[in-house]
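Let's walk through this structure together, moving from ring contacts to helices and their surroundings. Keep the viewer open as you read.

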Amino acid sequence: MKVNRIRQNVLPLITALIWGTAFVAQSVGAEYMEPFTFNTLRAVIAFFFLLALCALRRSVRRKIQEDTVRTSWRNLAIGGSCCGAALAIASFFQQKGIETTTAGKAGFITALYIVLVPIIGLFLHKRVPKAVWGSVVLAVAGLYCLCITEDFTINGGDFYLLICALCFAVQILVVDYFTQKVDGVELSCAQFFVMSIISALGMMTEQLPSPELLMNCLWPVLYVGVFSSGVAYTLQILAQKDSNPAVVSLLMSMESVFATISGAIILGDRMTGKEYFGCALMLAAVILAQLPEPKRNVVQS
């Protein structure tokens with residue numbers, strides 16, 4: 001039980017750390033290639049990385065024990081298709097939005113999935129503790145202080161990011177459903193296979209970058225493909241097993257905090273008092289979400 005508790009709390013934070021540091025790489029990629037092209041490359045890299053990992057895991061399992069874990073290929077195909085489609089659409093609109101809006105607003109609007117997940121979850125009969133609703137309010141306030149540094153006006157790129165946040169919320173809830181039925185690493189591999197196909201079809205409508213431009217953003221694409229996609233999304237799936245999706249989404253929204261901190265450390269960006277206050281609100285939201293619910297006193301007649 002304690003191991004599960006650690007997995008459900010630590011893995012989303014590691015995911016948020018990787019996503020936060022990868023945001024810069026995505027911004028660099030947006031300067032050199034169009035959204036579908038960038039997402040095709042990251043998805044293909046993630047798929048082959050996870051395919052090799054799946055083969056290694058099955059080989060180790062065969063050596064350790066005679067009976068390996070049997071996978072329902074039907075559930076894996078359906079789960080991979082649903083997760084992959086949601087992820088492909090969300091990633092496209094995120095890259096498209098990054099082209100025409102600021103990084104701060106992109107981070108804020110994308111992270112609004114922390115509000116959408118519990119709201120959509122209500123229609124799926126998923127109970128959300130009162131403390132989590134309070135955490136969501138704190139987190140949104142923290143994200144605003146952390147990400148919004150200019151007048152909040154709406155442009156075309158912001159609408160793309162709103163669609164992106166909705167699709168990420170759907171992907172989180174679909175993962176919550178299928179992670180109970182199939183192996184998490186194999187589900188992640190399947191979703192990137194589907195994402196690579198959908199993105200490749202979209203790439204046919206875009207102008208392909210020259211080999212020189214591809215070489216200029218080789219490292220950002222590799223980082224996003226291996227770590228942000230292959231590693232982080234797999235950790236997300238493993239973290240969501242037997243977890244409340246609203247709590248996991250709240251923990252993963254810490255990516256905005258890690259993005260700001262990594263920018264300050266690596267790039268020398270200065271953090272304002274407002275940004276420090278935003279980080280404090282986000283941390284308070286995460287702590288509040290982890291507090292145990294008070295036990296109800298049952299009055300016996």
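Which residues form one aromatic cluster with F36? The model is a predicted one, and in it F36 is grouped with F92, F93 and Y160.

A search over the whole structure turns up 10 aromatic pairs. In one of them, the ring centres of F47 and F48 are 5.2 Å apart and the planes meet at 65 degrees, so this pair is edge-to-face. F47 also pairs with F193: here the centres are 5.3 Å apart, and because the planes stand at 45 degrees, the pair is classed as tilted. How do the two partners compare with the cut-offs for burial? F47 has a relative accessible area of 15%, and because buried means under 20%, F47 is buried. F193, at 41% relative accessibility, counts as partly exposed, because this value falls between the 20% and 50% limits.

Stay with helix α2, which covers residues 35-64 and also holds L53. At 30% relative accessibility, L53 counts as partly exposed. What kind of patch does L53 form on the surface with F49, L56 and V60? The patch is nonpolar, and its four members together have about 310 Å² of accessible area.

Now turn to helix α5, residues 113-123. Its buried residues are Y113, I114, V117, P118 and G121. Just after α5, the backbone does something worth a look, as H125 takes a positive phi of about 65 degrees.

Is it largely enclosed or open to the outside? Eight of the eight residues in this helix (residues 245-252) are buried, so α11 is largely enclosed by the rest of the structure. The buried residues are P245, A246, V247, V248, S249, L250, L251 and M252.

How values were computed:
Residues numbered from 1 in each chain as written. Predicted model: local features only at pLDDT ≥ 70, side-chain atom pairs only at ≥ 80, totals over all residues. Heavy atoms only, no water. Patch = residues over 30% accessible without salt bridge, like charges linked within 9 Å, V, L, I, M, F, W, Y side chains within 5 Å. Areas by Shrake-Rupley, 256 points an atom, 1.4 Å probe, with all protein chains shown as cover. Salt bridge = Lys/Arg side-chain N within 4 Å of Asp/Glu carboxyl O. Helix = DSSP H or I, 4+ residues; strand = E, 2+ residues; numbered from the N terminus. Buried < 20%, exposed > 50% of the residue type's maximum accessible area, 1.4 Å probe, protein only. Phe/Tyr/Trp six-rings, centres within 6.5 Å; stacked < 30°, edge-to-face > 60°.
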